[in-house]
Amino acid sequence: MLEVKALSAWYGMHKALDDVSLNVQRGEVVTVLGANGAGKSTLLKALAGLIPVSAEAQINLNGRSVCSLRDFERVEAGVALVPEGRGIFGELTVRENLFMGAYPKRARVGETENLERILSLFPRLSERLSQTARTMSGGEQQMVAIGRALMSSPEVLLLDEPSLGLSPLMVSELFKTLARVCETGVTILMVEQNAKRSLKLSDRGYLIEQGRIVGTGAAQDLLNDESVKKAYLGG
C-alpha cells in the first residue's frame, strides 16, 4: 500500500528526518509516536509533498512512486493530509469546505455518495452545512477537516495531531468516529499526542526519535512494553 524507504529531509541545515523507512498495509491504522520535535509532523508533510526530500528517498503508493509528484498531484494519486491546526477555510461554510475536498478528478464522480457517507460519520455536520466554519468549536472544525480530506476519496489518510486542543469529551467523540472511519476500509497513518488512545485504535506503531525510526511493533505490544510506557505513555 504505502511503502517508504531511505527518506531524509532538512529544514535549512537541520536534518529533520534521517533515513526513515516504514510501511502501511491496505486497511491498517498505524501510529507514529515520538516527543515534540522528533520529526513526526515533518514525516507527514514529506509524504504529502509539502517539503522536499532526499534524492534517494522512495515513497511508493500501491507500487507507484509518488516522489516526483507535487502536493496536489499526490492528492490526485490518493494521499490526503489533515494538518495539525486543521487548516480549514474559516470564512467558508461547512458545505463549501467539504466540497473543496472533492476537487480532485478521482473524487468528482462519487462526490454525492462521499458526502452522504461523511455526514453519516459526522452527523453533527449535517446540521451545520450552512454554518460558517470559523464559528464552530474546535472539535467541530476538526470534523470538517477530516471530512474534507475524506471527500477526496483517499487511498491513505494522514492525520497530524487530530485531538490537539480538544476537550476530553471531544477527544472521546473523535476517536469513536475515527474507529468508524477505519471500518469503511480507509488506510490511516497518524501522528497523535494521545498515545494510548491512538495505539488502542491502531494495528501497529512506529517510534521516532531525532528524525530516526528507533522501534516498531504491534500496537498492543507497544501498549504493554514497559520502556514504551515510560517514554511515550506517561507510565
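Predicted model: local features only at pLDDT ≥ 70, side-chain atom pairs only at ≥ 80, totals over all residues.

User: Where does helix α8 lie, and what should its residues span?

Analyst: Helix α8 covers residues 168–183. At 1.5 Å a residue, its 16 residues should span 22 Å, and the end C-alpha atoms are 23 Å apart, so the two values agree.

User: Which residues of α8 are buried?

Analyst: The general idea comes first. An α-helix has 3.6 residues a turn, so residues three or four places apart point the same way. In α8 the buried residues are Met 170, Val 171, Leu 174, Phe 175, Thr 177, Leu 178, Val 181 and Cys 182. Viewed down the axis of α8, these buried residues fall within an arc of 165°, and therefore they line one face of the helix.

User: Which exposed residues does the face of α8 turned away from the buried side carry?

Analyst: That face carries Leu 169, Lys 176 and Glu 183, which are exposed. After α8 comes Gly 185, with a positive phi near 95°.

User: How many salt bridges does a search of the whole structure find?

Analyst: Side chains of opposite charge can pair when their charged atoms come close. Here the search finds twelve salt bridges. One of the pairs is Lys 229 with Glu 226, whose closest N and O atoms are 3.4 Å apart. Both residues lie in helix α11 (residues 226–232), three residues apart, which is about one turn of the helix. Lys 229 is partly exposed, with a relative accessible area of 25%, whereas Glu 226 counts as exposed at 53%.

User: Which parts does the salt bridge between Glu 91 and Arg 134 tie together?

Analyst: The side chains of Glu 91 and Arg 134 meet at 2.9 Å, N to O. Glu 91 is in the loop between β6 (79–82) and α3 (94–100), and Arg 134 is in the loop between α6 (123–126) and α7 (138–150), so the pair ties together parts that are 43 residues apart in sequence. Both Glu 91 and Arg 134 are exposed.

User: What are the accessibilities of Asp 18 and Lys 15?

Analyst: Asp 18 counts as partly exposed at 22% relative accessibility, and Lys 15 counts as partly exposed at 35%. Their side chains form a salt bridge of 3.2 Å, N to O. Salt bridges also link Arg 124, Arg 128, Glu 140 and Glu 173 in a network.

User: Is Lys 40 buried or exposed?

Analyst: Lys 40, found in helix α1 (residues 40–48), is buried yet has no salt bridge. The nearest side chain of opposite charge is that of Glu 161, 4.6 Å away, while a salt bridge requires the nitrogen and oxygen to be within 4 Å. The side chain of Lys 40 does reach the backbone oxygen of Ala 35, at 2.9 Å. Beyond its neighbours within four places in sequence, Lys 40 contacts Val 32, Leu 33, Gly 34, Ala 35, Glu 161, Val 191 and Ile 208.

User: Where does Val 66 lie, and with which residues is Val 66 in contact?

Analyst: Val 66 is in the loop between β5 (64–65) and α2 (71–77). Its relative accessibility is 2%, and therefore it counts as buried. Leaving aside neighbours within four places in sequence, Val 66 is in contact with Ile 59, Leu 61, Arg 74 and Ala 77. Between the C-alpha atoms of Val 66 and Met 170, 104 residues apart along the chain, the separation is 35 Å.

How values were computed:
Residues numbered from 1 in each chain as written. Heavy atoms only, no water. Helix = DSSP H or I, 4+ residues; strand = E, 2+ residues; numbered from the N terminus. Buried < 20%, exposed > 50% of the residue type's maximum accessible area, 1.4 Å probe, protein only. Lys, Arg positive; Asp, Glu negative; His and termini not counted. Polar contact = N/O pair within 3.5 Å; in protein donor to acceptor, adjacent residues only side chain to side chain. Contact = heavy atoms within 4.5 Å. Expected span 1.5 Å × (residues − 1). Arc of directions from axis to C-beta.
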